[in-house]
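Hi everyone, thanks for coming. Let me walk you through a structure that may be new to you.

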Amino acid sequence: LPLLYIPLQLGVIVWAVRIAATSNSTTFIALALSVGVTAGVFGMLCAHELAHSRRRFHRFVALAMLTGTSNRQFRISHIFGHHRWAGTGRDAATAKRGESFYVFLVRTLCSQWKEAWEFERRRCASRAFSRLKNRATQDIISIVLVYAIITARFGMRGALFFLCQSAIAIVVLELFNYIAHYGLLRGMRVDGTPEPFLDAHSWNSSNEFANLLIFNMGRHSDHHRRPTASYQVLSGIADA
């Protein structure tokens, strides 16, 4: 399903950019909201699913979807940051208790980019890679090229639409992140390291119908327990 859905979502984004480039304001706004929400819910969930895959082609398709929402760095900060530090003060995607979504949104977007950049800087330095091997640098170059191509083909209005639907998709994704670990913190050991990530460190949903619609992401604890497990095999956990 993710491999089927992502090309369709990307096709809808391209179609919507073409329509919005010459449409009136009402159509522009309606398309930005509808396309942004579907990309933020289903597109991002599919990208998340494939970004965790061990198969290179799956990760390539995930990156294509993340490019379609101007959010390529997500695969770095999520896998190498969030899945290591979730439930701690070091995790950009763990909302603090009492923190409003709007404060969280600004903090997490800035921190995720910083996290991705720092991880790539260390990775490239440790392996003597050139700067062009830095995936965060590649992400910036790729996004600039995407906006340049859209502007050349559909004008500034087309680029503005792409930016708007991307922003809406990112906000929808971060709404999920905000809820997923809100206020849940791991205890600290004597040596200052966090305790292992437990099932109780994620909020979950037991609604079977909702989980069918969101690729079982309501079974969030099991996903953190088995990050590379396909969504079909994720199960509900009683103690979560």
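Let's begin in the middle: the largest nonpolar core has 35 residues, and those with the most contacts inside it are Ile6, Ile13, Val17, Met44, Met65, Phe161 and Phe162. By nonpolar core I mean a set of buried Ala, Val, Leu, Ile, Met, Phe, Trp, Tyr and Cys residues joined through side-chain atoms within 4.5 Å; buried is under 20% relative accessible area with a 1.4 Å probe, protein chains only. Helix 1 (2-20), helix 2 (25-51), helix 3 (56-67) and helix 6 (135-180) each give two or more residues to this core, and helix 2 gives the largest share, eleven residues. Helices here are DSSP runs (H or I, at least four residues), numbered from the N terminus.

A word on the source: this is a predicted model, where local features need pLDDT of at least 70 and side-chain atom pairs count only at pLDDT 80 or more, while totals for chains, interfaces and linings use all residues. Residues are numbered from 1 along each chain as its sequence is written, and side-chain values use heavy atoms, leaving out hydrogens and water.

Now, which residues does Val17 touch, leaving aside its neighbours within four places in sequence? Val17 is in contact (heavy atoms within 4.5 Å) with Ile150, Phe154, Gly158, Phe161 and Phe162.

Let's look at helix 3 too. Its buried residues are His58, Val61, Ala62, Leu63, Met65, Leu66 and Thr67, and what covers them includes helix 1, helix 2, helix 4 and helix 6.

Conventions: Buried means under 20% relative accessible area, exposed over 50%, partly exposed in between (1.4 Å probe, protein chains only).
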